[in-house]
Amino acid sequence: MSDELNSPQYDVPPEMQGQIAITTLDKIYNWSRRSSVWPMFFGLACCAIEMIATATSRFDIARFGMEVMRPSPRQTDLLLVSGTVTKKMIPQIVRLYNQMPEPKYVVAMGACASGGGPFKEGYNVVSGIDNYIPVDVYIPGCPPTPQALLHGLITLQKKIDKQTLKTARWYDKESEAAIPVPVFGPDIMDPRDYEAIKLHAQEKLQAELNIPSPEVEQG
Ligand code: SF4
């Protein structure tokens, strides 16, 4: 390091040698973000117990600057989805994700959050949180151990290291709008599909009651 600092290539005055470090803006920007990723204080099922264990002294998530779990999405960098994602919870999770400021990341912890796990295709569970919000890192296991969670968080840090100010989505004026919050009715529903679902339901009802459709009446 000192050889680099004293490199004649940069013509550092003698009194400043040993006091100047040269790096790129991306590197220092990413270093500061990767070292202070604050997760949301949030858990859904058994995986959350492993997440809590990761914060204890035995595993010490504080080594990565991630121990500051925030109770508000507005002060959160990371949505750590730890547990079974039920249809009833999806609207709340998407709403919390929308309330997080950029830059924001999502980690799917465990088989349930990644793909439904042992409850896949159950009547009340969705087949992966990535059907609703973008996921940056998946952690396999049922449940993943605290070591697996730490490995997933280190993987996230490596992803952050590769980001650049030039292409960061949060500085893009055309960046995507908030994700529409799904609606929990008889089943979970994406509001963007509302008109199609309504039409389908009307057609089905008319067929069941044997009511001719308006088009047939007009004809
Ligand atoms: S992946 Fe396994 S341990 Fe984690 S929430 Fe699902 S059932 Fe529980």
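How many aromatic pairs does a search of the whole structure find? The search finds 1 aromatic pair, where rings of Phe, Tyr and Trp (its six-membered ring) pair if their centres lie within 6.5 Å.

This is a predicted model, in which local features need pLDDT of at least 70 and side-chain atom pairs count only at pLDDT 80 or more, while totals for chains, interfaces and linings use all residues. Residues are numbered from 1 along each chain as its sequence is written, and side-chain values use heavy atoms, with hydrogens and water left out.

Buried means under 20% relative accessible area, exposed means over 50%, and partly exposed lies in between (1.4 Å probe, protein chains only). Helices (H or I, at least four residues) and strands (E, at least two) are DSSP runs, numbered from the N terminus. In a regular strand the side chains alternate between the two faces of the sheet. In β1, one side carries Leu 78, Leu 80 and Ser 82 and the other Leu 79 and Val 81, all of them buried.

β1 pairs in the parallel sense with β2 (residues 105–109) over 5 bridges; pairing requires that DSSP finds at least two bridges between the strands. Within this pairing, Ser 82 stands opposite Met 109 of β2.

The charged end of Lys 104 sits over the ring of Tyr 97, 4.1 Å from its centre. The criterion is NZ of Lys or CZ of Arg within 6 Å of the ring centre and within 35 degrees of the ring normal.

Most residues other than glycine have a negative phi, and most peptide bonds are trans. The table lists backbone exceptions.

| Site | Feature | Value |
|---|---|---|
| Glu 102 to Pro 103 | cis peptide bond | omega about -5° |
| Cys 142 to Pro 143 | cis peptide bond | omega near -5° |
| Asp 60 | positive phi | about 60° |
| Glu 121 | positive phi | near 65° |

Pro 103 lies in the loop between α4 and β2, and Pro 143 in the loop between β3 (137–139) and α6 (146–161). Asp 60 is in the loop between α3 (47–54) and β1 and is partly exposed, at 28% relative accessible area. Glu 121, in the loop between α5 (110–115) and β3, is exposed, with 68% relative accessibility.

How values were computed: Phe/Tyr/Trp six-rings, centres within 6.5 Å; stacked < 30°, edge-to-face > 60°.
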